[in-house]
Structures are given as structure tokens and as C-alpha cells.
Amino acid sequence: MKQLTGSYLSIGAGENQIPLIRAAKARGLKVISVDTNPEAPGLVESDIRILESTHEYRKILHAMSRVPLPFKLMGVGSRSYGKAVYTVSYLAEKLKLRGNPRDTVNLFLDKEKFKNSVGKFGIPLPSSLQVGSSPKAKEKKQELTFPVIAKPKEGSGKKGITVLETEADYKKFSRLKTSESFLLEPFIPGDEVTVLGFVIARRFYLISLTDKITTGKPNFIEVAHVAPSKHIDLAGELKMICQAVVTATKLKTGPFVAEFKITKNKECLLIESAPEVGGEFLADVLIPEHYGYQYFNDLLSVTIGEKTRPEFLKKPKDGITKSALVFTLPSDRQKKMGEPAVFEPNTGETLFFQKQLVPTGASLEKLEGNHKRTQVFGITTKLSTNTKDWLDSLFTRINS
């Protein structure tokens with residue numbers, strides 16, 4: 001790769017940000033990192049450190065005005081989500097770098113506005129249900145089929161999602177003062193897939209399609225991600241929908257992640273999308289291991305305006321047939337995190353990643369949703385096995 005002369009601004013310096021910091025350093029760029037935590041591991045690998053919250057975009061801009069930049073500032077990026085992504089768009093605008101319009105990023109943070117905006121473009125979305133006491137709402141209430149999903153209108157990711165299982169749950173929920181700040185959607189059965197891609201000059205480039213396995217209702221905790229997806233035949237349709245989202249929201253450049261529900265009729269419904277890298281160890285662990293693709297090299301190129309044309313990943317490396325990230329959950333009776341589980345690979349399998357997510361001895365009682373997960377394992381197989389049977393085998397062996 002061609003070495004560069006310049007500097008790069010990293011919004012965040014936590015563990016998740018390190019792949020982007022290293023991609024910039026590998027190209028010869030000086031890295032300026034922003035993080036409120038002086039112990040953030042990415043700060044050690046950075047050339048200039050700014051101790052500030054990633055949400056304080058004005059303070060960061062002021063701090064940047066006082067930084068004696070050794071070289072031209074070439075780009076700004078983040079592995080984070082939500083408000084940190086807004087910070088990137090603000091700084092890109094003020095420092096005249098590549099980025100998305102601030103209004104666009106705000107649109108993704110307001111689920112109701114987002115839904116109203118992209119729905120006009122014919123993008124397939126779950127229908128919205130009404131909350132309230134008007135006659136129309138009462139009519140709708142009678143038509144409600146449970147369970148119903150209640151999503152906070154503002155925010156990012158899965159924070160605050162509530163599942164209303166019964167009419168009693170719904171009535172109790174609708175009496176809450178906060179109920180107006182939620183979107184209600186029907187629960188839609190089906191498979192879930194995650195799309196990773198890039199937006200370059202308003203055009204969407206699909207990179208990967210993986211299957212997401214959850215515990216189902218009521219908590220929908222994500223317990224596995226698998227490459228390749230069994231819905232690979234829908235890649236073209238999913239790419240078209242993502243391009244429609246890009247066009248509808250006026251996204252210009254940067255990472256993009258989306259989650260879809262695939263119904264039994266093969267309809268692709270957009271559940272979530274964001275101008276972010278996305279989490280769950282997909283970009284930094286699963287995709288490089290399964291396909292040999294270095295996502296963060298392209299992310300750097302995209303954010304500094306270097307020409308790159310990412311392609312849809314189809315061919316796995318080294319004769320691998322399947323790769324999975326598998327998460328463990330505590331038992332219902334477990335109050336504290338015990339000693340971590342140990343996984344022994346079978347013939348043809350490789351354990352390429354493992355991480356303890358909750359420290360040994362920590363209380364598990366107040367943890368909710370995905371935060372309840374205690375460990376994650378990355379495993380590949382070279383055997384041609386049925387994906388469901390293989391995952392069942394992995395869960396059994398990890399939890400035994």
C-alpha cells in the first residue's frame with residue numbers, strides 16, 4: 001500500500017477504535033485521537049491525544065484549533081455509534097473533510113422521522129401501530145396482534161426496546177407518560193441478516209451479508225452471527241434497498257450497516273440502518289477471518305477520499321466453509337460471572353477468537369439485553385455441515 005503523508009482524526013480511542021487507528025498508522029499517517037478516558041487503549045498508539053467526550057463536538061473543534069498539526073489533516077472517522085457519528089459529520093463540515101451532512105446523521109438518530117422519510121421512497125419497512133386514546137387509535141388497538149415491539153424514537157441500536165406480549169402489557173405501557181416517545185411495530189417472524197457496506201460519492205457498495213441468530217422473544221438477544229448467509233440469493237435486492245436508503249437520506253460517504261428481517265415469503269424488511277461500522281465483532285473479527293478482507297483499510301480510504309471500489313465478498317479463504325461468532329448467556333439462576341467457559345474445537349474447526357465480556361465475579365443481575373452475554377467465541381469449520389446443526393453443536397459444547 002502506498003505510504004501517505006498527513007494526519008487523521010479518530011473520534012474515540014477505545015478498544016473498538018484500534019483497528020481504524022492502526023489502519024491509519026500503517027499508511028504512515030499521524031493519528032490524533034479523542035477520548036474522555038485517559039486510559040483508553042487507542043491513546044497509547046496515537047500521536048496526539050485530546051481528552052474530551054466524543055459527543056462534545058464544539059469542544060473538540062476548539063481543541064483541534066490549538067493542535068499544532070505536523071501535516072495536512074486528511075480525514076476524520078469513528079468506530080463508535082450514535083452521537084459520536086454526529087460529531088464526525090460536524091467536524092468533517094467545519095474542517096472541510098469528507099463526511100455526511102449533519103441533517104442526514106440526525107435523521108438516522110430519530111427513528112420516527114427516518115421511517116417517515118424513507119417510507120416515501122417505497123423502502124419496505126415494518127408497519128407502524130398507533131399509541132393513544134383517539135377513536136382511530138382504539139380501532140387500531142383492537143387489531144393489534146401480540147407481541148408488539150416498542151422502540152424508542154430517538155437513539156441508536158437496540159437500547160430501550162420493549163416487547164409487549166399481551167393486551168395487559170399494552171394497556172400498562174400506554175398509560176406511561178413516556179409511551180409517546182416510542183414507536184410501535186408488529187413482531188414479524190423470520191430470519192435476520194446484517195448488511196455491511198460503504199457509501200462512496202452517494203453510491204452504496206455491498207461488502208458482506210451475514211446471518212444473525214437471536215434468542216427470539218421476549219428479549220431477542222443476539223447469540224450468533226454466521227458467514228456466509230443462507231440468504232445470499234437476496235444480495236441484489238438488499239443492495240437496491242440500501243441504495244434507496246442512501247438516496248432518500250442524502251448520505252454521501254462513509255460506513256453503512258443495516259439489519260433486515262427476511263419473511264417466509266422472502267420479503268426483505270428494513271429493521272435498522274445507520275451510517276456506522278456496526279458492532280458485534282463483524283468488521284474487525286468475523287469478516288477478516290472468513291474472507292481475508294481488511295475492512296478498516298477500506299474505511300480509511302473512504303474517509304480520506306482515496307479511490308477504492310469495494311466488492312461483495314463471496315469467496316472464503318483457506319477452504320473454510322462456515323465461520324461463526326457465538327455468544328454465551330448465563331443461566332437464569334446465575335447471579336455472578338464465574339470462571340470463563342473453555343471451548344475445544346472438533347476436527348476441521350479452528351477457534352480464531354475468544355473474549356470474556358463480563359469480568360469474573362461481576363454481578364449479572366442488572367444486566368439487560370445483549371449486555372447479559374458473558375463471552376464470545378469465533379469459530380471456523382472446513383466441514384460441509386448443516387449450519388443449524390453446527391450451531392447447535394457449538395452451543396452444546398460451549399455450555400457443557
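Before I go on, a word on what we're looking at. This is a predicted model, so local features need pLDDT of at least 70 and side-chain atom pairs count only at pLDDT 80 or more, while totals for chains, interfaces and linings use all residues. Residues are numbered from 1 along each chain as its sequence is written, and side-chain values use heavy atoms, with hydrogens and water left out.

Okay, salt bridges. Take glutamate 112 and lysine 153, whose side chains meet with 3.3 Å from N to O. They sit in distant parts of the chain, 41 residues apart: glutamate 112 is in helix H6 (residues 111–119), and lysine 153 is in the loop between strand E5 (148–152) and strand E6 (162–164). Those labels come from DSSP runs, numbered from the N terminus: helices are H or I with at least four residues, strands are E with at least two. Glutamate 112 has 31% relative accessibility, so it counts as partly exposed, whereas lysine 153, at 16%, is buried. The cut-offs: buried is under 20% relative accessible area, exposed is over 50%, and partly exposed is in between, using a 1.4 Å probe and protein chains only.

Next, arginine 373 and glutamate 280, with the closest N and O atoms 2.8 Å apart. Arginine 373 is in the loop between strand E14 (349–356) and strand E15 (375–381), and glutamate 280 is in the loop between strand E12 (268–274) and helix H10 (282–291), so this pair ties together parts that are 93 residues apart in sequence. Arginine 373 counts as buried because its relative accessibility is 7%. There's also a network: Lys115, Lys151, Glu185 and Glu272 are joined by salt bridges that share partners.

Now let's go back to H6. Which residues of H6 are buried? They are Lys111, Phe114, Lys115 and Val118. They cover an arc of only 95° around the axis, so they are on the same side of H6; that arc is taken from the directions from the helix axis to the C-beta atoms. Covering them, by contact (heavy atoms within 4.5 Å), are elements including helix H5 (102–109), E5, strand E7 (182–186), helix H9 (235–249) and E12.

Phe114 also brings us to aromatics. The structure holds ten aromatic pairs. Rings of Phe, Tyr and Trp (its six-membered ring) pair if their centres lie within 6.5 Å; planes under 30 degrees apart are stacked, over 60 edge-to-face, and the rest tilted. Phenylalanine 108 and phenylalanine 114 make a tilted pair, 5.1 Å centre to centre with 40° between the planes, and both are buried. Tyrosine 295 and phenylalanine 296 are edge-to-face instead, at 5.2 Å and 70°; both of these are buried too. And Tyr57, Tyr86 and Tyr90 form one aromatic cluster.

On to the strands. Why is strand E10 (residues 222–227) described as largely enclosed by the rest of the structure? Because six of its six residues are buried. E10 has strands to pair with, where pairing takes at least two bridges found by DSSP. Strand E9 (residues 203–214) runs antiparallel to E10 and is joined to it by four bridges, and E10 also pairs with strand E13 (residues 322–328), again antiparallel and over four bridges. Follow histidine 225 in E10: it is the bridge partner of lysine 212, and its own partner in E13 is leucine 325. Lysine 212 is buried, with 5% relative accessibility, and it forms a salt bridge with glutamate 192 at 3.0 Å between the closest N and O atoms.

Most residues other than glycine have a negative phi, and most peptide bonds are trans. As for phi, lysine 96 has a positive value of about 55° although it is not a glycine, and lysine 96 is exposed at 74% relative accessibility. Aspartate 318 has a positive phi of about 55° as well, and it is exposed at 56%.

That's my tour, thanks!

Note on methods: A salt bridge is a side-chain nitrogen of Lys or Arg within 4 Å of a carboxyl oxygen of Asp or Glu.
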